[in-house]
There are 2 protein chains.
Amino acid sequence: MREEYRADLASVGQTLVAMAEGVRSAMRRATEALLAADQTGAEEVVYGDAEINAYRSQVEDKVYDLLARQAPVASDLRQVVTAIHVAADLERMGDLADHVAKTCLRRLPNSAVPDELVPVVRDMARVADRISGKIAEILQSTDAKRAAELERDDDEMDELNKQLFGLLLGTAWRHGVEAAIDGALLARWYERFADHAVNAGEQIVYLVTGEAPAQTA
Amino acid sequence: MREEYRADLASVGQTLVAMAEGVRSAMRRATEALLAADQTGAEEVVYGDAEINAYRSQVEDKVYDLLARQAPVASDLRQVVTAIHVAADLERMGDLADHVAKTCLRRLPNSAVPDELVPVVRDMARVADRISGKIAEILQSTDAKRAAELERDDDEMDELNKQLFGLLLGTAWRHGVEAAIDGALLARWYERFADHAVNAGEQIVYLVTGEAPAQTA
């Protein structure tokens with residue numbers, strides 16, 4: 001029974017890894033499309049979101065199956081249900097990649113990102129990519145220390161967010177209100193992507209170790 | 001056993017009702033504070049968010065307890081776990097009320113909402129209030145028809161959102177970039193509040209009836 005439980009839990013974890021990698025790839029491709037004003041690339045991300053949502057159903061089905069067959073109690077039960085939370089965070093991260101792609105599409109044939117915002121958007125995307133990469137890693141390595149790093153990555157994202165707002169609100173801004181709103185919303189999508197990733201990371205530590213995540217200093 | 005299961009499920013539902021009412025009240029008070037540039041009111045919403053988060057833990061504890069004691073399977077199991085999703089949506093709605101309150105606080109002693117945006121923000125808040133009121137009702141009355149109304153309420157919110165963006169991007173806008181970003185983000189908080197409410201409403205139908213929600217035309 002214990003053996004079977006472990007195997008079932010590992011199978012849930014594998015689906016989450018695939019989902020985390022899908023979400024990471026979606027945000028990476030959304031950013032590329034955004035910065036290149038690439039319609040085809042952006043559309044692929046939008047169409048691909050259904051696949052990410054399907055992963056979430058798959059995770060939930062596996063969890064229900066596990067619960068029904070193994071009827072875990074106490075901490076085992078909480079551990080299993082955690083997978084549902086992780087899948088919800090990952091799905092939302094997929095939605096945010098979709099939002100980035102749609103911002104790209106809305107401004108075509110122009111770019112939604114004025115030149116002076118490109119470096120900071122690129123940096124936000126880089127942090128988003130790093131964070132989502134760690135999630136897949138934590139799922140596979142069960143290394144709780146990596147989860148503690150996520151908070152620092154998230155601080156970096158907050159810093160970039162401030163930097164971007166500094167540009168939008170600075171006296172040198174000459175792209176008007178619409179581009180500023182696009183910029184603010186894009187910053188929001190990357191920031192939320194990171195928030196959900198951190199949240200997922202903390203839940204994953206619990207999922208794979210059964211222990212609450214280490215608090216960062 | 002069946003009797004006990006029903007009673008446990010009803011108890012989960014009662015906590016969700018209290019949570020839904022808390023969230024509704026939070027958004028209502030956040031809007032009042034926002035439109036009156038009222039520091040005390042806004043701070044109360046921010047402090048009160050912890051209480052909403054505590055409700056979520058309470059729902060989850062009850063669900064875990066129910067799962068452990070009753071070990072429901074198949075559709076019963078899915079029904080119970082649905083409560084976890086509803087609580088997650090409601091918690092997020094509380095966060096969005098908190099965001100509205102913080103936008104208010106950030107611009108004090110000024111108002112974050114220029115005069116010409118006041119009517120549309122007030123309308124968005126009214127729709128948000130109506131939607132969240134229905135959630136508590138559906139939980140109590142198990143009336144699936146009310147859930148179908150939520151989609152229409154959500155359409156109204158989307159319409160208001162467009163109206164607000166029309167003002168921000170119109171030639172008459174004379175409040176600059178910062179106020180426009182505030183306006184766009186506020187619209188986003190109300191819109192997301194409605195999205196989560198619709199989502200919660202659909203899940204609640206499943207929770208209280210065990211049936212998938214009716215599709216709206």
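**View 1. Within helix H2 (residues 39-70) of chain B, B:Arg69 and B:Asp65 lie 4 residues apart, about one turn of the helix.** Helices are DSSP runs of H or I with at least four residues, numbered from the N terminus. The side chains of B:Arg69 and B:Asp65 form a salt bridge, 3.3 Å from N to O (a side-chain nitrogen of Lys or Arg within 4 Å of a carboxyl oxygen of Asp or Glu). B:Arg69 is partly exposed at 45% relative accessible area, and B:Asp65 is partly exposed at 41% (buried is under 20%, exposed over 50%, partly exposed in between; 1.4 Å probe, protein chains only). The model is predicted, with local features needing pLDDT of at least 70 and side-chain atom pairs counting only at pLDDT 80 or more, while totals for chains, interfaces and linings use all residues. Residues are numbered from 1 along each chain as its sequence is written, chains are lettered from A in the order written, and side-chain values use heavy atoms, without hydrogens and water.

**View 2. B:Glu156 and B:Arg130 meet in a salt bridge of 3.1 Å, N to O.** B:Glu156 belongs to helix H5 (residues 144-169) of chain B and B:Arg130 to helix H4 (residues 118-141) of chain B, so the pair ties together parts 26 residues apart in sequence. B:Glu156 is partly exposed at 34%, as is B:Arg130 at 31%.

**View 3. A:Arg107 pairs with A:Asp182 in a salt bridge, with the closest N and O atoms 2.5 Å apart.** The two residues are 75 apart, A:Arg107 in helix H3 (residues 74-107) and A:Asp182 in helix H6 (residues 176-209) of chain A. A:Asp182 is buried, at 4% relative accessibility.

**View 4. Salt bridges link A:Arg130, A:Lys134, A:Glu149, A:Asp153 and A:Glu156 in a network.** Over all chains, the whole structure has 38 salt bridges.
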